[in-house]
Amino acid sequence: MSEAVLEKHEFGAEVGRLLDLVVHSLYSEREIFLRELVANAADAVDRRRFESLTDAALAPPAEATIRVIPDKDAKTLVISDDGIGMSRQELIDNLGTIARSGTRAFTQNLADAKPEDRPNLIGQFGVGFYSAFMVADRVEVTSRKAGTDHAFTWASDGTGQFTLAPATREQPGTDIVLYIKDDAAEYLDPTRLETVIRKWADHITLPITVTRDGKDEKANEGTALWRKPKSEVTEQAYKEFYRHLGHFFDDPWATLHWRAEGTLEYFCLLFIPGMKPFDAVDNDRDAHVRLHVRRMFITDKAELLPAWLRFVSGVVDTEDLPLNVSREMLQSTPVLARIRKAMIHRVLGELKTRAADAADYAKFWENFGPILKEGIWEDAEHRAEIAPLLRFRSSTQEGWVSLPDYVSRMRDGQDTIYYLTGDDADALKSSPQLEGFKAKGIEVLLMPDSIDNFWPERLDSFEEKKLRSVTQAAEELGKGEDQPDISPLLAAMKEALGDRVSDVRATARLTDSAVVLASQGFGPDLQMQRLLRRAGRATMPLKPVLEVNPRHRLIETLVAKQEDKALIAEAATTLLDLAQVQEGDLPPDPGAFARRVTDLLTGKLA
């Protein structure tokens, strides 16, 4: 460039304040610069195509392409397009003033255009452009406006001013040259560039190529599958996209594909996996449905679905959001709130429909049931919709049962849904806690998942039937039954056990076992208390109740020897330890417990 024609300009006042924000704070990943520049390039081509509807001379080449050209020796990265280009004044306005946007001004002129004539304008050429300075210490933009013969080069190191000079470019369009920083050399590697493009711009319909060894290789798929009508998408195409989207190897259990039109326009393609990830419950609890705006990938962290639907993968593509500085905080916009509500409704509707096929729904439930239960705890708005979708093992039935199933089988006069929580469904089936319920023919739902210790409290009732843990229902079960009076023995045992228990009482809910633990009628049940202890959060542990079966032969023997206080004290301690073992806990002194059991086996009570 000749000094005689080199113009020097100061950035607009706001650029100096915002450029540092853009470079260092706005984006969490440096690679996003390529998304921004590719989006701008695709937008420029769309603009040129649109303008050519009224001026055929402006039509872009039929093979219009976005070229990404790395040069390791020169340490430059070029992004070249065949788009509308910019005039000298547009370079000043659009790149010299961060608040201006060529796309925004252009979009305003489309207000009266017919919908079918409106191009899919991606990106606001403004803030996003400055992300180039995250990886480059100097940026040059050479552009020729379509319909003119003049080109200009805009250049800046991002420190407060830019230069402008005449240039040459054979065809309309724009070349952006990034002089890559030493610590960003990875963006001169063609493989790295292809990876970034596939991640962020895979479904821009315009071909994007990366130059490798002098040859241009296509880096994007270029087809927005979710924007196609369902009738045009094969099952195999859905499967391939599903596997590409989440790096899955299975087939989706469910595919939801729809287009919303009206006051809000968006396309949605969602998948429910057919297999459970290794860390389905305990991994990152954020849902990662991808948000696109006019085909362009924005983020997978927009919280488009709640955590209790985080197993759902897919894409949402909306026409009603701009690509601007707020794109990384889109979850706060009313548009996304409405889309989110519609997506939850669709997913729950799909689950309700598929639940009619018990065998098919069991596949889903075994994979993602524990996650769906989280919705009962977390989401008051959708709690009533989720509850009928829950499935459980049962003390009286084979296979999976639902809450409506349980209610339909309740005995006359029964007003409570009983459940038992624990660590293993098979162990729960043989728990002494169930003995009295089995004897009376009362069904109990078995809940072995950790979340089962939390959500019943929030649901509270289903179809006006209260949910209640069997460990807190002892008095209800034994109402109206005559029992032998063993109060002297109970008092002696209570005295011997001291503060290890809150009470020792007789119970009618045991048939085969001598004793069982119960929780007090308030606060967390036994399993919840166990979880709190394991997590080190039992700051105010509640003492259990030791319930005694007065009809058990061992208890009858102790009644006969209740005057022997030493014997009763040792028996009470052993029975309490035994009750803890039945619940899956270790006694406080396992060695002493083993010795006492050994003594008993040798006939000390005989």
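**Helix packing, strands and loops**

Modeller: The axes of helix H18 (residues 565-582) and helix H19 (residues 590-601) come within 10 Å and cross at roughly 115°. Keep in mind that this is a predicted model.

Colleague: How are H18 and H19 oriented to each other, then?
Modeller: Roughly perpendicular, because angles of 65 to 115 degrees count as such. The crossing of H18 past H19 is left-handed.

Colleague: Which residues meet there?
Modeller: From H18, Glu570, Thr573, Thr574, Asp577, Leu578 and Val581. They meet Phe593, Arg596, Val597, Asp599 and Leu600 in H19.

Colleague: And by class, what is the contact of H18 with H19 made of?
Modeller: Five nonpolar, two polar and four charged residues.

Colleague: Another helix pair. At what angle do H2 and H5 cross?
Modeller: Roughly 65°, with the axes of helix H2 (residues 32-51) and H5 coming within 9 Å. That makes H2 roughly perpendicular to H5. H2 passes H5 in a right-handed crossing.

Colleague: Which residues make that contact?
Modeller: H2 contributes Ile32, Leu34, Arg35 and Val38. H5 contributes Leu193, Val196, Ile197, Trp200 and Ala201.

Colleague: How do the residues of the contact of H2 with H5 divide by class?
Modeller: Eight are nonpolar, none polar and one charged.

Colleague: Which strands does H5 lie across?
Modeller: Helix H5 (residues 190-201) lies across strand E2 (66-71), strand E3 (76-81), strand E8 (208-212) and E9. Against E8, H5 runs at about 170°.

Colleague: On to the sheet. What is the strand order in the open sheet of nine strands?
Modeller: E1-E6-E5-E4-E7-E3-E2-E8-E9, with mixed pairing.

Colleague: Which strands stand at the edges?
Modeller: Strand E1 (7-10) and strand E9 (215-218). Each has a single partner strand, so one side of each is left without a neighbour in the sheet.

Colleague: How much are neighbouring strands of this sheet turned against each other?
Modeller: By 20° on average, with direction ignored.

Colleague: Pick a pair inside it. In which sense do E4 and E5 pair, parallel or antiparallel?
Modeller: Antiparallel, over six bridges between strand E4 (residues 136-144) and strand E5 (residues 151-156). Glu140 has Ala155 in E5 as its bridge partner.

Colleague: Now strand E14. Buried or exposed?
Modeller: Buried. Six of the six residues of E14 (residues 313-318) are buried, so the strand is largely enclosed by the rest of the structure.

Colleague: Which way do the residues of E14 point?
Modeller: Ser313, Val315 and Asp317 point one way, and Gly314, Val316 and Thr318 the other way. All are buried.

Colleague: How does E11 run against E14?
Modeller: Antiparallel, with six bridges joining strand E11 (residues 266-272) to E14. Within E14, Val316 stands opposite Cys268.

Colleague: And in what sense do E12 and E14 pair?
Modeller: In the parallel sense, with four bridges between strand E12 (residues 290-293) and E14. Arg290 has Val315 in E14 as its bridge partner.

Colleague: Loops next. Where is Leu264 found?
Modeller: In the loop between strand E10 (254-260) and E11. Leu264 has a relative accessible area of 9%, so it counts as buried, the cut-off being under 20%.

Colleague: What does Leu264 touch, leaving out residues up to four places away in sequence?
Modeller: Asp320, Val335, Arg338 and Ile339. Leu264 and Asp320 are 56 residues apart along the chain, yet their C-alpha atoms are separated by 6.8 Å.

Colleague: Last topic, backbone angles. What is the phi of Lys75?
Modeller: Positive, about 60°, although Lys75 is not a glycine. Lys75 sits in the loop between E2 and E3. Its relative accessibility is 42%, so Lys75 counts as partly exposed.

Colleague: And what about phi of Asp460?
Modeller: Near 70°, again a positive value in a residue other than glycine. Asp460 lies in the loop between helix H13 (455-459) and strand E18 (461-462). At 32% relative accessibility, Asp460 is partly exposed.

Terms used. Residues are numbered from 1 along each chain as its sequence is written. This is a predicted model: local features need pLDDT of at least 70, side-chain atom pairs count only at pLDDT 80 or more; totals for chains, interfaces and linings use all residues. Side-chain values use heavy atoms; hydrogens and water are left out. Buried means under 20% relative accessible area, exposed over 50%, partly exposed in between (1.4 Å probe, protein chains only). Helices (H or I, at least four residues) and strands (E, at least two) are DSSP runs, numbered from the N terminus. Two strands pair if DSSP finds at least two bridges between them. Axes are lines fitted to C-alpha atoms, for helices over the stretch in contact, and angles run from 0 to 180 degrees between N-to-C directions. Angles under 35 degrees count as roughly parallel, over 145 as roughly antiparallel, 65 to 115 as roughly perpendicular and the rest as oblique. A crossing is left-handed if the near helix is turned anticlockwise from the far one by less than a right angle, and right-handed if clockwise. Contact means heavy atoms within 4.5 Å. Ala, Val, Leu, Ile, Met, Phe, Trp, Tyr, Cys and Pro count as nonpolar, Asp, Glu, Lys and Arg as charged, and the others, Gly among them, as polar.
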